[in-house]
Amino acid sequence: MEAKLLTARHKGLRLVAPEANRPDVAHAPEPGDVRFAATLKQADRYARQFRTGRMVIALSLVAAAALSGLAVQYQNAEEKTRLENAHRLADVSQNLTSSDVGLAELFAVQAYRQHADALTRQALFRAVTASPQLVGSVRSSGPISALATASDGSALLAGTQGGEVQRWTVTTKIAGSSQQVGRLPGQVTAVASDASGDVVAAIGHEAVGVWKGGSPVPAPVLPAGQEPGAVAVSPSGRFVVVTTATKTFGVPPTAWALDRSTGATSHLDLADMHSDPDAIAFSDDSHLTLFDGDAYGTWEQLTLPGPVRTRGSTLGFGTHNYASALAPDGSHFTYTNRAAALPVWASEGSPDIDKPALSARFPEGSPTALALSRGGSRAAAALGTTLYVSRTSAPDQPPSEPVVLPGAGTVPARGLAFLGPSGRKLVSAAGDVLNLWDLDRLSRIAAETTVVVETSCNACPGPRVAVAPNGRTAAVLGGNGRTLDVRSLDTAGADRPPAEQPQSLDKEYGAVAWSADGSRIIIVSQDGSAQILDPRNGLRVTGSWPALPNPLQLDDSPALLQFLPGGREVAQLDGSGTIRIREPATGRVLRQVAGPRDMSPTVGGTEAAAQGEAALDRLATHAALIKYDPASNHPEIRVVDAGTGRYRVIDGKDFRGVAYEDDRLLVQREGGDLEVWSPDGARRLGTLKGTPGTTVGPVVGKGLIAAIPANENTVRLLDRPSGDVLGTLPIPAGPKPGSTGLAFAADGTRLVAATEFRQAEDDAGEGAGRLISWRLDPDSWISTACTSAGRELTPALWKQYLGSDAPASLRCTP
C-alpha cells in the first residue's frame, strides 16, 4: 500500500486510501495530499473536496485500493486469529510439560500445525524433549486402579476401575494395542502375573479371577464373606496366592494358595499378622513374602506347597503412613511418613525400625505411591505429578541424588512398578494412561549407539566428529588422534551393538572430513600427510597424501579439514593459522597462505585446537582462531584473509569459541554474549544471547547453533534467525570437560555427539564411548510426539484447556 501511495503522489495525484491501511504506511505523502477513509461514502466525500481535474483518477484509485484493502484486511484478521490460537496452544503445552508430558506433546503438535514459527517450534521441541526418560504412553480402556509387571520385563498388566484386566507386550516400548485378559464384576484392586505375563490373576471386592493366555481358568475358592486384599502368581504360574480378611473383629487374615497343577486350594490363618496384608511377592516358585505396609509393618514369609510360615516380624510403623512398597522378589520393603530419607529394610531376621538396611533420598513430601526394584537396589516415589527414582545406599555410604521424571500425572497407590530385573525401567499409571520410563534413555528424538573413542589426555581436545553427507553415518576421531571409528546413526538405543575394535592409526591425526559423495574419509596428520579410507569396506586405506616439505622439522597441528563446494578441493586450517587448499586425491597444495607471523610453527608443534577454537567460512576465504597472546596476557581472535594473508585481531579477555555461519563470524563470550561479526572481523554486526561458559562450540547447523556449557551435561540449542533459545539436550558425562564432540548433518536435520568413555556406576560398557544422533526436523518431532503420547486429543480436553470449541479434526497422526 505504501508503494502505491508514493507512486501516485509522484504522478501528482491527491489521494484517498482505506483507514485499515494507515498502519501499513510508514512514509505516507504529506497530510494535505492523502486522506484515510473508513467507508466508501466517506471516501467519496473526501474526493469531492479535491480539485475536479483529479477527482476521477483519485476515486478510481480509491475504489481499487478499498477492494484490495478489504481482502487483505480479511486475510490478515484470519491469519492473526490463527497466530493467536497457535501461541495459546503453545502456552498450554508448556504448562503441561511438568504434569502430563503426553498431553503437552499433543497440544504442541496442534500449535505448530496452526502456525509454524519460532515460538511454536520451541514449544514442540520442548514437549518432545521434556522428561527424556519417558519412552512412551498407551491408553487403557478406563481409569487404572492397579498395575503389575511380569518379572522378565516382557509384559505389563493393568486393572481398571470398571473391572477390566488388560495386558500389553513390552519390548523397547509398550505395544500400542492391548490384550483384553478378562473382567471382574467391580473395580480391580490388585493384579499379578507369572514371570512371562501368561498366567494372570486379579482381585476386586469379593472377587478373584485367573486367566491363562487370555482365557479364564479355575481361581482359588474362597468362603463367603472373605474380601481379597492382595494377590500374587508364582514365576512358573503354578501357584496363585490370595490373602483375605473378614469384617469380624478378632478374626485374623487368611492366605489362600491355589496349586494349579492339582486344582487344590489350601489356606493358612495368619495369626501373627496384626493387620491385613496389602502386598505379596514370590522370590521363587516355593517362597513368598507377605507385607502389611499400611499399618504396623508386619512381614511374613511362607513356603509352598502348604502354605507354611517360616519367619517374620513386626517393625511397628507409625500412624502417619503415606505409602509403602514390597520389592517384587520380596527381599525388601519400605514405607514413608513424609521424611526426605526413605528407609528400606531387608525381609530377614528381626529388622530394627531405627536401623534400616538401606535408604534412598527423595524430596520431603507426601507420595501417592512407592516402588522398589528387585533386591531393593532402587526406589521410586510419586510426588504430585513427578516421579523420583534413586539408588538405595547403605547407612555408611553417601546417598545418591534422585533422577527426576516430571510430567507423570497423578499416580494412584498401586500405579507404580519397576519393569524387569535391572531396576532401570519403570511403569506408572495416571488416569487411563500408562507411561513407560527408561533411566538409560537420553531422548525420545535420539538414536544411540556405542563408539570406541579413547579417553584423551587432560590437555588434549575432545573427539572430532564428522557426519557423512547423507546424514546417516558418523566418523569419530579420538582426542588423542590414534583411533578412528565409523558408526551408523540409525541404530535404536535398545539395540546398541557391542563395542568393536576401531581402526588403529599409525600416527596422531588431528582432523577428519568426508568427501562430498560420502565414498571417502580423509584424516590428516600434523606433518600434512593423510590417509584416505573407504567407510564401506572396513575403513580400507585407498590412498594417501605425502608429508609436506618441512626441513626445519616444525610441527603444526591441523585444526580443521573442510571440503569446498563442488567437492573438488579441500581446505586445511592448521593451528598456526596457515590455510592450504589441497587436491583431495593426492593432497597436492593448490593454494596456500601463511598465518600470522607470531603464530608460526615451532619445534614441538602448536597445541591442537579444541572444537570452537578455530573456524573456516564456507569458501575458506577467511579463517578465525583463538590464540593466547603473551604480550597482552589474554586470548585474542586472529581473523586471516586467505587471499592476502593479512589478519585482523579481535581483542578481549573472555573468548570461548568461534564459528562461521554463512558470511558471518560468530564469537562466543564467557558471559554468554554471542557476537556477530563481518567475516573479516572488521565490524561487529550485532549480539545474540549465546551460551555462558561454553566448553565446546559454538557449532553451526542449518537454522541452529549448538554449544555445551561448562559443568553441564547438556547441549544448548539456539534457533536461527530468531536467536531464541530453542532448548537443551542431555549428553552423557565424560571423564573431563570437553570430552564430547559435536557436528551437524549438512541439512541441519541431525545433531551428533560423541562422548569419551567414562566408568560410572552400573556402566555395562567395556571402554566404549557413546554416540548420539538427535533428529532436529519438526516433522520427525511431530511423528515422535504422536507416537509417544499414545492417545489423541478429545473435544473435552480442548474445551478444558482452551475454553473454546475444538476444530473438526484433532488427530495427531495425519
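**Asp662 is found in the loop that separates strand 48 (655–661) from strand 49 (664–669).** Strands (E, at least two residues) and helices (H or I, at least four residues) are DSSP runs, numbered from the N terminus. The structure is a predicted model, in which local features need pLDDT of at least 70 and side-chain atom pairs count only at pLDDT 80 or more, whereas totals for chains, interfaces and linings use all residues. Residues are numbered from 1 along each chain as its sequence is written, and side-chain values use heavy atoms, with hydrogens and water left out. Asp662 has a phi near 55°, a positive value in a residue other than glycine. Its relative accessibility is 57%, so Asp662 counts as exposed (over 50% relative accessible area; buried is under 20% and partly exposed in between, with a 1.4 Å probe and protein chains only).

**Leu539 has a positive phi, near 60°, in a residue other than glycine.** Leu539 belongs to the loop between strand 38 and strand 39 (540–545). With 8% relative accessibility, Leu539 counts as buried.

**Strand 37 (residues 521–525) is largely enclosed by the rest of the structure, because 5 of its 5 residues are buried.** Ile521, Ile523 and Ser525 cover one side and Ile522 and Val524 the other, and all are buried. Strand 36 (residues 509–514) runs antiparallel to strand 37 and is joined to it by 5 bridges; two strands pair if DSSP finds at least two bridges between them. Trp514 has Ile521 of strand 37 as its bridge partner. The hairpin of strand 36 and strand 37 has 6 residues between the strands, and Gly518 in the turn has a positive phi of about 75°. Strand 37 is also joined by 4 bridges to strand 38 (residues 530–534), again in an antiparallel arrangement, and here Ile521 has Leu533 as its partner. In this hairpin, 4 residues lie between the strands, and Gly528 takes a positive phi near 90°.

**The largest nonpolar core has 47 residues.** Such a core is a set of buried Ala, Val, Leu, Ile, Met, Phe, Trp, Tyr and Cys residues joined through side-chain atoms within 4.5 Å. Phe107, Val715, Leu717, Leu742, Leu751, Trp774 and Leu776 have the most contacts inside it, a contact being heavy atoms within 4.5 Å. Helix 4 (residues 101–114) gives the most to this core, with 8 residues. Not counting residues up to four places away in sequence, Phe107 touches Leu89, Val92, Ser93, Leu96, Leu793, Leu797, Trp798, Tyr801 and Leu802. A second, separate core of 17 residues includes Val101, Val411, Leu416 and Phe418.

**Phe291, Trp299, Phe317, Phe333, Tyr335 and Trp345 are linked by ring pairs into a cluster.** Rings of Phe, Tyr and Trp (its six-membered ring) pair if their centres lie within 6.5 Å, and planes under 30 degrees apart count as stacked, over 60 as edge-to-face and the rest as tilted. By this rule there are 10 aromatic pairs. One of them, Phe333 with Trp345, is stacked, at 6.0 Å centre to centre and 25° between the planes. Phe333 lies in strand 21 (residues 332–336) and Trp345 in strand 22 (residues 341–346), 12 residues apart.

**Four antiparallel strands form an open sheet in the order 24-25-26-27.** Strand 24 (369–372) and strand 27 (403–406) are the edge strands, each pairing on one side only. Between strand 25 (residues 378–383) and strand 26 (residues 386–391), which run antiparallel, there are 6 bridges. Ala379 stands opposite Ser390 in strand 26.

**A disulfide joins Cys786 to Cys812, with 1.9 Å from S to S.** A search of the whole structure finds 1 disulfide, defined as a pair of cysteine sulfur atoms within 2.5 Å. The link of Cys786 and Cys812 is left-handed, with -80° about the S-S bond. Cys786 lies in helix 6 (residues 778–789) and Cys812 in the segment after helix 7 (795–802), so the pair ties together parts that are 26 residues apart in sequence. Cys786 and Cys812 are buried.

**Cis peptide bonds join Gly697 to Pro698 and Arg720 to Pro721.** Omega is about 5° for the bond of Gly697 and Pro698, and Pro698 lies in strand 52 (residues 694–701). For Arg720 and Pro721, omega is about 10°; Pro721 is in the loop between strand 54 (714–719) and strand 55 (725–730).
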